[in-house]
Amino acid sequence: MEKVIVMLRKAPYGSVYSAEAFRTIMGIAVFEMDICVALIDDGVYVLVKDQNPEKLDMKPLGDGFLMLKDFNVNRFVVHGESLFERGLQADDLVLDAEIVDNETFTKIISDYGRVLPF
Amino acid sequence: MVLEGPYQHQAVDSAYHFIKAAVARGHEIVGVFLYTDGVNTINKYINPPGERNISKQLSELGASGIDIVACTACSKFRGLRPDLKVDNVRQSGLGSLAEFLRAADRFVSFGD
(Lines give C-alpha, C1' and ligand atoms only; values in the text may rest on other atoms or scores of the structure.)
Protein backbone atom coordinates (compact mmCIF):
# COMPACT_ATOMS: atom_id res chain seq x y z
CA MET A 1 0.00 0.00 0.00
CA GLU A 2 1.46 3.37 -1.03
CA LYS A 3 2.26 5.66 1.87
CA VAL A 4 1.29 9.28 1.27
CA ILE A 5 1.43 12.37 3.47
CA VAL A 6 -0.94 15.22 2.75
CA MET A 7 0.55 18.24 4.49
CA LEU A 8 -1.53 21.28 5.37
CA ARG A 9 0.54 24.40 5.98
CA LYS A 10 -1.95 27.23 5.44
CA ALA A 11 -4.93 28.70 7.25
CA PRO A 12 -8.34 27.31 6.25
CA TYR A 13 -10.11 30.18 4.42
CA GLY A 14 -7.64 32.77 3.11
CA SER A 15 -6.71 30.61 0.16
CA VAL A 16 -7.96 27.45 -1.52
CA TYR A 17 -5.10 25.20 -0.42
CA SER A 18 -6.53 23.65 2.73
CA ALA A 19 -9.86 22.90 1.08
CA GLU A 20 -8.02 21.33 -1.85
CA ALA A 21 -5.94 19.27 0.54
CA PHE A 22 -9.17 17.94 2.00
CA ARG A 23 -10.53 17.16 -1.47
CA THR A 24 -7.25 15.43 -2.35
CA ILE A 25 -7.43 13.24 0.75
CA MET A 26 -10.99 12.23 -0.16
CA GLY A 27 -10.01 11.72 -3.79
CA ILE A 28 -7.04 9.45 -3.26
CA ALA A 29 -8.28 7.65 -0.13
CA VAL A 30 -10.70 5.63 -2.23
CA PHE A 31 -7.65 4.11 -3.94
CA GLU A 32 -6.70 2.43 -0.67
CA MET A 33 -3.56 4.30 0.18
CA ASP A 34 -1.95 4.63 3.58
CA ILE A 35 -2.61 8.33 4.15
CA CYS A 36 -1.22 10.49 6.92
CA VAL A 37 -2.67 13.97 7.37
CA ALA A 38 0.00 16.30 8.74
CA LEU A 39 -0.59 19.85 9.95
CA ILE A 40 2.08 22.46 10.43
CA ASP A 41 2.39 26.27 10.57
CA ASP A 42 -1.03 27.96 10.01
CA GLY A 43 -2.30 24.57 8.82
CA VAL A 44 -3.02 23.69 12.46
CA TYR A 45 -5.99 26.11 12.34
CA VAL A 46 -7.74 23.75 9.91
CA LEU A 47 -8.66 21.34 12.71
CA VAL A 48 -9.73 23.93 15.28
CA LYS A 49 -13.21 23.36 16.76
CA ASP A 50 -16.24 25.56 16.17
CA GLN A 51 -15.22 27.19 12.91
CA ASN A 52 -17.91 29.45 11.50
CA PRO A 53 -17.03 30.94 8.12
CA GLU A 54 -20.65 31.80 7.31
CA LYS A 55 -19.88 35.47 6.80
CA LEU A 56 -17.29 34.49 4.20
CA ASP A 57 -20.00 32.54 2.38
CA MET A 58 -17.92 29.40 2.86
CA LYS A 59 -18.50 26.06 4.54
CA PRO A 60 -16.68 25.02 7.73
CA LEU A 61 -13.69 22.88 6.90
CA GLY A 62 -12.61 21.34 10.19
CA ASP A 63 -15.65 19.14 10.80
CA GLY A 64 -15.22 17.48 7.40
CA PHE A 65 -12.05 15.82 8.64
CA LEU A 66 -14.11 13.79 11.11
CA MET A 67 -15.61 11.74 8.29
CA LEU A 68 -12.20 10.78 6.88
CA LYS A 69 -12.19 7.82 9.26
CA ASP A 70 -14.92 6.34 7.06
CA PHE A 71 -12.37 6.41 4.24
CA ASN A 72 -9.78 4.62 6.37
CA VAL A 73 -7.79 7.79 6.95
CA ASN A 74 -6.87 7.41 10.60
CA ARG A 75 -3.54 9.08 11.13
CA PHE A 76 -3.48 12.77 11.98
CA VAL A 77 -0.20 14.36 12.99
CA VAL A 78 0.13 17.90 14.32
CA HIS A 79 3.39 19.81 14.63
CA GLY A 80 3.32 20.67 18.32
CA GLU A 81 5.43 23.81 18.12
CA SER A 82 3.09 25.30 15.48
CA LEU A 83 0.09 24.47 17.65
CA PHE A 84 1.46 25.83 20.92
CA GLU A 85 2.93 29.04 19.51
CA ARG A 86 -0.58 29.91 18.28
CA GLY A 87 -1.96 29.51 21.80
CA LEU A 88 -3.72 26.23 20.96
CA GLN A 89 -3.81 22.86 22.71
CA ALA A 90 -4.81 19.33 21.68
CA ASP A 91 -8.24 19.95 23.27
CA ASP A 92 -8.92 22.75 20.79
CA LEU A 93 -8.94 20.33 17.85
CA VAL A 94 -11.94 18.50 16.39
CA LEU A 95 -10.23 15.12 16.65
CA ASP A 96 -7.50 13.24 18.48
CA ALA A 97 -4.23 13.85 16.71
CA GLU A 98 -0.65 12.89 17.45
CA ILE A 99 1.05 16.03 18.70
CA VAL A 100 4.70 15.61 17.79
CA ASP A 101 7.96 17.53 18.06
CA ASN A 102 10.11 18.72 15.19
CA GLU A 103 12.25 15.61 15.08
CA THR A 104 9.31 13.19 15.00
CA PHE A 105 7.50 15.28 12.38
CA THR A 106 10.57 15.14 10.16
CA LYS A 107 10.92 11.40 10.69
CA ILE A 108 7.28 10.77 9.73
CA ILE A 109 7.70 12.74 6.50
CA SER A 110 10.79 10.75 5.68
CA ASP A 111 9.02 7.49 6.49
CA TYR A 112 6.08 8.19 4.19
CA GLY A 113 8.19 9.45 1.30
CA ARG A 114 5.45 10.80 -0.96
CA VAL A 115 4.48 14.26 0.25
CA LEU A 116 1.64 16.38 -1.11
CA PRO A 117 2.17 19.87 0.32
CA PHE A 118 -0.71 22.34 0.42
CA MET B 1 2.01 18.09 -9.31
CA VAL B 2 1.74 21.78 -10.16
CA LEU B 3 -0.24 23.96 -7.77
CA GLU B 4 0.05 27.44 -9.26
CA GLY B 5 -1.06 29.18 -12.43
CA PRO B 6 1.07 30.20 -15.42
CA TYR B 7 2.92 33.55 -15.54
CA GLN B 8 1.78 34.42 -12.01
CA HIS B 9 4.19 31.94 -10.49
CA GLN B 10 7.30 30.05 -11.49
CA ALA B 11 5.87 26.64 -10.53
CA VAL B 12 4.90 25.40 -13.98
CA ASP B 13 8.10 26.76 -15.55
CA SER B 14 10.13 24.90 -12.94
CA ALA B 15 8.13 21.74 -13.60
CA TYR B 16 8.72 22.08 -17.35
CA HIS B 17 12.48 22.51 -16.98
CA PHE B 18 12.66 19.78 -14.36
CA ILE B 19 10.94 17.37 -16.73
CA LYS B 20 13.20 18.30 -19.66
CA ALA B 21 16.29 17.81 -17.50
CA ALA B 22 15.04 14.55 -15.98
CA VAL B 23 14.17 13.06 -19.36
CA ALA B 24 17.56 14.16 -20.73
CA ARG B 25 19.18 12.17 -17.94
CA GLY B 26 17.21 9.06 -18.78
CA HIS B 27 14.44 9.24 -16.18
CA GLU B 28 10.87 8.37 -16.99
CA ILE B 29 8.16 10.92 -16.17
CA VAL B 30 4.99 9.02 -15.31
CA GLY B 31 2.80 12.08 -15.56
CA VAL B 32 2.06 15.67 -14.63
CA PHE B 33 -0.98 16.59 -12.56
CA LEU B 34 -2.07 20.21 -12.90
CA TYR B 35 -4.03 21.17 -9.83
CA THR B 36 -5.89 24.31 -8.66
CA ASP B 37 -4.75 27.32 -10.77
CA GLY B 38 -2.26 25.01 -12.49
CA VAL B 39 -5.08 23.94 -14.81
CA ASN B 40 -4.99 27.38 -16.47
CA THR B 41 -1.74 26.30 -18.07
CA ILE B 42 -3.51 24.21 -20.72
CA ASN B 43 -5.62 27.05 -22.14
CA LYS B 44 -5.02 27.03 -25.91
CA TYR B 45 -5.69 30.77 -26.14
CA ILE B 46 -2.63 31.60 -24.08
CA ASN B 47 -0.74 34.01 -26.31
CA PRO B 48 1.99 35.99 -24.56
CA PRO B 49 3.60 38.42 -27.01
CA GLY B 50 7.33 37.85 -27.15
CA GLU B 51 7.39 35.44 -24.23
CA ARG B 52 7.52 31.67 -23.78
CA ASN B 53 4.20 29.97 -24.45
CA ILE B 54 3.70 27.66 -21.48
CA SER B 55 0.62 25.92 -22.86
CA LYS B 56 2.55 25.04 -26.03
CA GLN B 57 5.46 23.81 -23.95
CA LEU B 58 3.17 21.46 -22.05
CA SER B 59 1.48 20.34 -25.25
CA GLU B 60 4.93 19.44 -26.63
CA LEU B 61 5.66 17.40 -23.52
CA GLY B 62 2.32 15.65 -24.02
CA ALA B 63 3.19 14.94 -27.66
CA SER B 64 6.42 13.30 -26.50
CA GLY B 65 4.36 10.76 -24.57
CA ILE B 66 4.15 12.28 -21.09
CA ASP B 67 0.66 12.08 -19.61
CA ILE B 68 -0.36 15.68 -18.85
CA VAL B 69 -3.53 15.81 -16.76
CA ALA B 70 -5.46 18.87 -15.60
CA CYS B 71 -7.89 18.36 -12.72
CA THR B 72 -11.45 18.25 -14.07
CA ALA B 73 -13.09 19.82 -11.02
CA CYS B 74 -10.53 22.65 -10.89
CA SER B 75 -11.14 23.21 -14.61
CA LYS B 76 -14.87 23.53 -14.01
CA PHE B 77 -14.30 26.02 -11.20
CA ARG B 78 -12.26 28.13 -13.61
CA GLY B 79 -14.45 27.81 -16.71
CA LEU B 80 -11.79 25.90 -18.57
CA ARG B 81 -14.01 23.91 -20.93
CA PRO B 82 -12.57 20.83 -22.67
CA ASP B 83 -12.67 22.64 -26.04
CA LEU B 84 -10.35 25.33 -24.64
CA LYS B 85 -7.42 23.02 -23.97
CA VAL B 86 -4.33 22.56 -26.10
CA ASP B 87 -3.70 19.25 -27.84
CA ASN B 88 -1.90 16.34 -26.15
CA VAL B 89 -3.21 17.04 -22.65
CA ARG B 90 -6.31 15.70 -20.94
CA GLN B 91 -8.67 16.55 -18.12
CA SER B 92 -9.28 13.96 -15.45
CA GLY B 93 -10.02 13.62 -11.74
CA LEU B 94 -7.99 12.92 -8.63
CA GLY B 95 -7.91 9.26 -9.63
CA SER B 96 -5.18 10.20 -12.07
CA LEU B 97 -3.19 11.76 -9.24
CA ALA B 98 -3.61 8.53 -7.28
CA GLU B 99 -2.41 6.54 -10.31
CA PHE B 100 0.68 8.73 -10.65
CA LEU B 101 1.42 8.36 -6.93
CA ARG B 102 1.17 4.62 -7.30
CA ALA B 103 3.20 4.32 -10.50
CA ALA B 104 6.10 6.63 -9.68
CA ASP B 105 8.92 6.02 -7.23
CA ARG B 106 9.38 9.77 -6.72
CA PHE B 107 6.76 12.48 -6.35
CA VAL B 108 7.68 16.13 -6.86
CA SER B 109 5.39 19.09 -6.31
CA PHE B 110 5.80 22.63 -7.64
CA GLY B 111 4.23 25.61 -5.86
CA ASP B 112 4.60 27.60 -2.67
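The model is predicted: local features need pLDDT of at least 70, side-chain atom pairs count only at pLDDT 80 or more, and totals for chains, interfaces and linings use all residues. Residues are numbered from 1 along each chain as its sequence is written, while chains are lettered from A and ligands numbered from 1 in the order in which they are written.

**Confidence**
- The predictor assigns the complex an ipTM of 0.83 and a pTM of 0.90.
- Chain B has a mean pLDDT of 97, with 100% of its residues at 70 or more. pLDDT is the predictor's confidence in each residue, from 0 to 100.

**Contact between the chains**
- Twelve residues of chain B contact twelve residues of chain A. Contact requires C-beta atoms, placed from the backbone, to lie within 7 Å.
- On the chain B side, seven of these residues are nonpolar, four polar and one charged. Nonpolar covers Ala, Val, Leu, Ile, Met, Phe, Trp, Tyr, Cys and Pro; charged covers Asp, Glu, Lys and Arg; the others, Gly among them, are polar.

**Helix α1 of chain A**
- α1(A) spans residues 17–29 and has 13 residues. Helices (H or I, at least four residues) and strands (E, at least two) are DSSP runs, numbered from the N terminus.
- From first C-alpha to last, α1(A) reaches 18 Å, close to the 18 Å expected at 1.5 Å a residue. The expected span is 1.5 Å times one less than the number of residues.
- Its buried residues include A:Y17, A:F22, A:I25 and A:I28. Buried means 20 or more other C-beta atoms within 10 Å of a residue's own, exposed 12 or fewer, and partly exposed in between, with C-beta atoms placed from the backbone.
- Those buried residues pack against β1, β2 and β5 of chain A, together with α4 of chain B.

**Sheet of chain B**
- Three strands form an open sheet in the order β1-β2-β3, with parallel pairing. Strands pair if DSSP finds at least two bridges between them.
- The edge strands are β1 (31–34) and β3 (90–92), each pairing on one side only.
- Neighbouring strands are turned by 35° on average, direction ignored. Axes are lines fitted to C-alpha atoms, for helices over the stretch in contact, and angles run from 0 to 180 degrees between N-to-C directions.
- Helix α4 (residues 94–103) packs on the sheet and touches β1, β2 and β3 of chain B. The direction of α4 makes about 145° with that of β1(B).
- Three bridges join β2(B) to β3(B). B:C71 stands opposite B:S92 in β3(B).

**Helix α2 of chain B**
- Among the buried residues of α2(B) are B:I54, B:L58 and B:L61.
- Their cover includes α1 and β2 of chain B.
- Just after α2(B), B:G65 takes a positive phi of about 110°.

How values were computed:
Contact = placed C-beta atoms within 7 Å.
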